[in-house]
Structure formats: C-alpha cells, structure tokens
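Colleague: Could you pick one spot where the packing can be described in detail and walk me through it? I'd like one connected story, then a quick tour of whatever else you'd flag.

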Amino acid sequence: MTATATTPDAGRVPDPSRAPDAHGASHPGRPSGTGRGTPASDAPPDAGPASGTRPGSTGPADAAPVADSGSGSGGPAGAAPTADPGLGSGGLAARPDGPLLLGVRHHGPGSARGVRAALEAVRPDAVLVEGPAEADALVALAADPDMRPPVALLAHAVDDPGRAAFWPMAAFSPEWVAIRWALDHGAAVRFVDLPAAHTLAAADPTWTDEEDEVSGSGLRIDPVAELARAAGYEDAERWWEDVVELRADGDPTAPFTALAEAMGALRETYGHGGHPRDLVREAHMRLKLRAARKEFGDSVAVVCGAWHVPALTRRTTVAADKALLKGLPRAKAELTWVPWTHRRLARRSGYGAGIDAPGWYAHLFAAPDRPVERWMTKVAGLLRAEDHPVSSAHVIEAVRLAETLAALRGRPRPGLDETTDAVRAVLCEGSDVPLDLVRDRLVVGDVLGEVPAAAPAVPLQRDLARRQRTLRLKPEAQERELGLDLRKDTDGERSRLLHRLRLLGVPWGEPAAGRSGTGTFRETWRLRWEPELHVRVAEAGVWGTTVEAAATARAESRALAATALGDITALAEQCLLAGLTDALPVVMRALADRAALDTDVAHLAQALPALARALRYGDVRGTGTTALGEVAAGLAERICVGLPPACAALDADAAAQMRDRLDAVHTSIGLLADRPASANGLDDPDRPGDPGRPGDPGRPDDPGRPRGADGLLHRWVGVLRVLAGRERIPGVLRGRAARLLVDGGWVGGGEAGLLMSRALSPGVPPGDAAGWIDGFVGGASGGGLLLVHDERLLGLVDAWLTSVPAGAFADVLPLLRRTFSGYEQGVRRTLGELVARGPAHGRAAAYDTFPPGFAPTPDPARADAVLPLLHLILGTPGTLGIPGTLGTPGTLGTEAPA
C-alpha cells in the first residue's frame, strides 16, 4: 500500500529538489501521517505509506522507538545481512528458493508495471503488501466497482479521532496494482506492516515541514540519491526515471533483482539509515511472512519498499523479532477507506506523498502506447478549451521537439522535463501563463477518488453523505463557486449544511463575496473537498450522530465556555445562519448574561454588528429572533449612553479604531431601526432613552420622544450630534459623526458648512483639522463626490488648506494625501478642475454666486421633470397623463390612454 513517504521504493518518484530521503525504497505499509490528521514524521522515505520525516514521506509507521540491538532485526547498524533460507531472497531469480520479494518505490508507474508483470509471470497464491495489519478486513472493498483511486486507508484512534494516519494509493501505485491483481485472480491479500494501533500510540506522532537530515541515531540517507551518485548522476530523480520509469523495452521485472542487490549494499554500509523504527517494522514483516509461508508455502509474493528487502532476507529468529515488538504502546484504532486526490499526492507536507506530477505518472501508467503523443494531445485539448489557438501542427512539432531534447540530453525517452519544455516553446509560444494552467490541470490534476457506500464510516460521516446526495452537493477536489438563493428551499438547506459544517470545524466551503453585495437573499460559497476533512468529520463525531445534532451540541458547548462578548455574538450569528434553533436558547442566555456584565463600550460596539446581521439573516431565513432583538436593542442603548465619554481624549490609533466601530454601530442601528419595534423589544413605553441635551427629543423626559425603533434611531442621531460638536473628541471622530449626519439627511448643507468652518477655523491645530477632513470626506465613503457636488464645502477645504502655516503644512500633508488618495481617478480629476477655477467660480467667502448648473437649494420643478419618464419605464401609475403623475400631463407630446 502506498503512503506519503518519499523513499526510494521502486515505483515512486520523489521530487528531485527535495533533500535526500533516508531510505532507498518506499514502504507501502507506512502510514502517510500520524498525529492530528497529519503524517507521521520519522519513518524513512522509502517507507511508503507511513514513514518518513521528510515532506512527501509517509511518516513513521511504527509508534514505538526501537533500540538498535545486534540480536534484533538485522543486528547492529552496518552489519552485513545474512540470508535466511526460511524467508527467501530478493529478486525473481530466487523465486524457486523462497517467496518473491518485489522491492518498489511508491507511486511510480514503472514499479507498478513491473509488479503487475511479475505477478502475472509467477501467479502466487498470496500477496503480502506493506500496510497496516488491521486493514485485511477492508481489502475486499478494493474490488468494489464503486472504488476508484486515488484512495487512502485512514486509521484514527477511537478515543481521539484527530490522531490519524493515512496510507494513500493511486492507480499507478505498486501496492494498489498488487491488491487488485490478487483480488482479480483469487489470491489472498495480507497487510504485513506494523499495526496502526501501534502507529497511533506513538508518543509524539507529529508532522512538520522541516526535514531533519540527522536523526538521533545517525545521518538519514536517501538511497536513490546514493545510487544515482554511484551511477554518475547529479539528479536522483533523473536517474530513477531513466533506469525505471522511462524504460519500455526489456524485462520489466529486471530492476527488482538489481535494486534488491543495491539496497543490500546500502544496508551493509548505512544500517537502518537513520530510521531505527524500521527495525521494529521489519521484524513485524518477517513474522507475517513466516506465517504466510506456513499457510501458502513458497507461493507468496511480497510488495514492499525496496529498502526493506534486505531485512526480509536476513537470518533472524522468531524470538528475536518478537522481542523487538514486545511492550509497544497500543491505541484502539478504527480503519476505513477514504477518497484521496492527486493534488494531495503532490503535497510535500501534510498528508501528501511528495510527488510533483501525479497526473503525469497516471498518464504514463495508463497510456497503452505513444505516451508523448497522447500527452501532447491532452495538453492541446486543454488549451483549446481555454481559447488558446493550438493546431495539429503544433502538437506534431511539440512531439518532435520533446524527442529531440531527449536525444540531446541522452535520455531513453522524453520525460516530464522534455515534454514541459516542448509545451512551453511550441504550444504556449514561450509563455508561462498557459503553462501554469497545464501544470495545475494535467501535471498535477484535480482527480478525486471514490469509495463505496459499504466502507466503514462514523455515523456523522454517513449522515453527511446522505445530506450531500439529497442536496446534490457532490464533493469535488477542484475548487468551484456556488451561488445560493436563500428564498429557495434547496439552496436554503445547502446554506445551513455548509454553515453547520463550518461551526463543526469542517471547512468544506468558505463564504465568498458574490454579486449580491450587501443583499441577504443570496450567498456565494467556494467549495473544495480535501481528504483531511474526513478526519475533521471523525473528530466532530463526538458531538453527535447527525450534522444538525453535532452542530447544536458544539454551539451550546462554545456558548458555555465563551468569555468574550464578541465571541458569543459571533456564535449567535453562526447559529442563525446554520438554522440551529435548538441551540439558540443556550446561546442567548449566555449572551444576555455576558452583556449585562460587560461595561466596556468598545466591546459592546464590537459585538453589536454581529447581532444586527443575525437579525437580518433571521428575517430572511424565517428564524425567530425576538430574544436576539431585545439583547441587540439593549446593547444599542448602552452604546448610546457610553459612546461620547468613550470617544474623549483618544490618541490617533485609538481614534482610528473607534472610527471603524462608529461606522459599524451606525450601520447596525440602521438595521435595527428597519425592523418592527416589537421584533426588537423596543415597543415598551417605559424603556429608557439616552440622556441627551435639554430639549432634545431623545431625552426620556420629553413627551414628544419617539418610541420603539424610531426612538432608537432618534437617540442615535442625538449621540452623533454630541460627537460632532464636542471639542474634546478627536477631529477624525467629529468629522465622521458630521458626515454620518449629512448622509442620513439629519443635517442640511448650511449646518454642515457651519460644522466644517468651525473645525477648520484658524484657532484649530492643523493636525486636528486634517483629522476632521479625513473623517468627513476621507476613504472610500463617497466624500469626494460630496465635495464635487457641494462647492461650498470644497471652498472651505480649499480656503483652510491655503491658510495652513508653512511650518505645519508638512505635518498635515501625509494625512491629506491618504484622505484624497482613496478617491477614484475621475473624482480627483474633477476636484482638481474645480479648484483650478478659483474663488470667482463659487468659493468666495460669501458663497453668494454659483457656477452654471449649481444653486443654493434644489429646484423641485426641474426634479419633477424626470418623473413622467420614470413612470413610463417602471409601468407605474402616473405615466404621461395617467392620474397620479406629478408632472404635467402630456409633457412628452401624447397623452397615454387612461
């Protein structure tokens, strides 16, 4: 079985750019990872499925540290192996004297072809594969028609599902080929590597991207690199491709004998190669091999990492092998098959096997003949689909160039380097942009495997699969965008499922900005299914057996454990988005308790936006939100009371943060004001208001004070007025409050000009005045258009700027640049033209003259002239003479019939 270890197993091609792996052959039985869903770290790279500390290697398959004892599996490091006639010897030539030992390198089409040819020639009664011993019960599923590689064996600890290991296999993996051959020909299949129960019980089954070249017991070597250097190659991968992958002639099984001999020489020199745990794994393999020979005689074939072949032929005793295994820690483990992806095989860390070109290897394995010609045809088809002009002549010339490059470089056939160079030069016309597309779609690929429904799974995984089928949400390896209309039942259920999975820590989908802008009826998601999400689902299974029940339990637990008000409000929003009505009472109680104790206005202001959004989503999704509205209204009123004191005497950084909170609170109160008063709990006539100025309608003692949601908005307007006029408040906040008043229509142009003139008066420090301008017209808030259409305000800014003393101008210039750089280019150009006209065009001190097209107040008659045309376009009453028109009937020439 292949795992994610990068080792010199005959059959897998590690990345030449990576540091040498410790072992020459990959170990099919090594898990691709242990730990929190990550590969184990210290198995040799040749150990395919589960060992290897390097990215691309499969991680340590054995969980317990091994003492390098002379009487154990192979004796002291560097000791020459002695053949054990009870175990057999490596290579096909030794077949009459013992089992057939096929040393492979993981995930390599050459090794896979060789394994298939050798099994067809020998036809053994039993096939032993490097992989976790507990997986024997799952072998039969490999023959299921619904099983399509790439797939992986997943093992996880029952009491800690996050502690997991993978053994990935692709269609071109030698282990997968051996398993399928055995099942198709009625041969027995056994997994012979160390059980996953030991692997998962390792003291520190972690995985990092760092590749230590030296282990605690010596230098870690890459056997393939050693053999390549002996052959005069600088590039180990180039050597491996030349001698194995690209050889189409001759005996495909010949490399096994030669490789076994070479690995024997390396083991004599380097011992375990810096991976002492291999001694334990190899001891277990020898015990399993002896048991198989007792049952099937010599009609046994072993498919394992080539690095292990010398150890399997070593003369040892049963007692010595059992002694190495004695006392190993164990963890109760469960195993199943899960889908894998080519992209994961290409990862050099995490669960990946560390091969750079799984799509290319799959093509080499599947192509019956003329692989280069077929590859170029695939590339041409992809580029044509993306509207790149590629003809048959391009394909022919690219094939010729690839073959020429291979001949010039002394290679037996064109490899990936030659085909890539030919594609770039001919099909991509020297551009790397389309070449990157070829690398992503073909060289790596987005192939996602499939497993049958009969495969073991936790109840939560089964419920998720059922929901995916019901909602027609197929997991795919390629990222795609999904738009949802929440008014449709199916889309609403899809949205709730994705939100529930995110709450459970299963990020199958991530919200993305879509066409809807700030609308609430549409959502856009980016979906991509990654193999490790199966581990996340297994971890989430502790919360419940269905997605809804698990998400509810998880939300309740988080609500009880949360200490920050912002965390609870965000959780409440998640519950509404996910439709978790059963969790809302617990979350709301925690929210109310926390809100009552929190007196920090900054915390309250940070928490309110999430509640307001949740209320809006609740309206769209038909979720009851009365209790949430009451809490939100209480927070809003407390903010109204405490915000002015909280804004006083702030430094520049704190003022900038408070400005963002001010905008968020303003938007939130607008959302609350748009809801019915009863929905927010604001229809209580005894509900207190904020203490505004004497005579302000927001005061609770004012008989004319508005009640309900309108009262909340009115009180907020009073707060903005206080902020805009209080001198102890930083200029950026006073300017921002004034701008919000102008945008809401609560302050007219004359009053806005008065506020600006006060803020920009000569007695105000230039820095504070520049901050006021930044708050009023800065950023992407549309302040530039405000200045374009109100030349009185622009004149005030212009007059202030020209009056700034030379000594202070350099201090305010950076702030002004930041303010005006946020405007669009057209707005900046228009402002420049207006300023260039000078005071005579409307910016004189008296502001009693205006340029053409501008007036001190709007002209209702001119505004009404557009109404007939608007009614005509909209088809509303009042169109050209129809009663209700605000303009003159028949103004466009002919009256429409009544």
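Modeller: Let's begin with helix 1 and helix 11, which cross in a right-handed way. A crossing is called right-handed if the near helix is turned clockwise from the far one by less than a right angle, and left-handed if anticlockwise. Keep in mind that this is a predicted model, where local features need pLDDT of at least 70 and side-chain atom pairs count only at pLDDT 80 or more, while totals for chains, interfaces and linings use all residues. Residues are numbered from 1 along each chain as its sequence is written, and side-chain values use heavy atoms, with hydrogens and water left out. Helices (H or I, at least four residues) and strands (E, at least two) are DSSP runs, numbered from the N terminus.

Now the geometry. Two packed helices are described by the angle between their axes and the distance between the axes. For helix 1 (residues 109-122) and helix 11 (residues 358-366), the axes come within 9 Å and cross at roughly 30°. The axes are lines fitted to C-alpha atoms, for helices over the stretch in contact, and angles run from 0 to 180 degrees between N-to-C directions. That angle makes helix 1 roughly parallel to helix 11; the cut-offs are under 35 degrees for roughly parallel, over 145 for roughly antiparallel, 65 to 115 for roughly perpendicular, and oblique for the rest.

Who does the touching? Helix 1 brings Pro 109, Ala 112, Arg 113 and Arg 116, and helix 11 answers with Tyr 361, Leu 364 and Phe 365. Contact here means heavy atoms within 4.5 Å. Sorted by type, the residues of this contact come out as 5 nonpolar, no polar and 2 charged. Ala, Val, Leu, Ile, Met, Phe, Trp, Tyr, Cys and Pro count as nonpolar, Asp, Glu, Lys and Arg as charged, and the others, Gly among them, as polar.

Staying around there, the C-alpha of Gly 110 is separated by 8.7 Å from that of Pro 174, 64 residues away along the chain. Pro 174 belongs to helix 2 (residues 174-184) and is buried, at a relative accessible area of 0%. Buried means under 20% relative accessible area, exposed means over 50%, and partly exposed is in between (1.4 Å probe, protein chains only). Helix 2 is mostly covered, with 8 of its 11 residues buried; among them are Trp 176 and Trp 181. Just after helix 2, Gly 186 has a positive phi of about 75°.

The contact includes Arg 734, Arg 736 and Arg 739 of helix 27, along with Asp 768, Trp 772 and Asp 774 of helix 29. Its residues divide into 6 nonpolar, 4 polar and 5 charged.

Most residues other than glycine have a negative phi, and most peptide bonds are trans. Pro 149 and Pro 150, however, are joined by a cis peptide bond, with omega about 10°; Pro 150 sits in the loop between strand 2 (126-132) and strand 3 (151-157). Asp 387 is not a glycine, yet has a positive phi of about 65°; its loop runs between helix 12 (371-385) and helix 13, and at 72% relative accessibility Asp 387 counts as exposed. Ala 649, also with a positive phi, of about 55°, is exposed at 62%.

Gln 461 is buried, with a relative accessible area of 15%, and touches His 534 and Val 537, leaving aside residues up to four places away in sequence. Stepping back, the chain has 35 helices and 12 strands, and 54% of its 898 residues count as buried.
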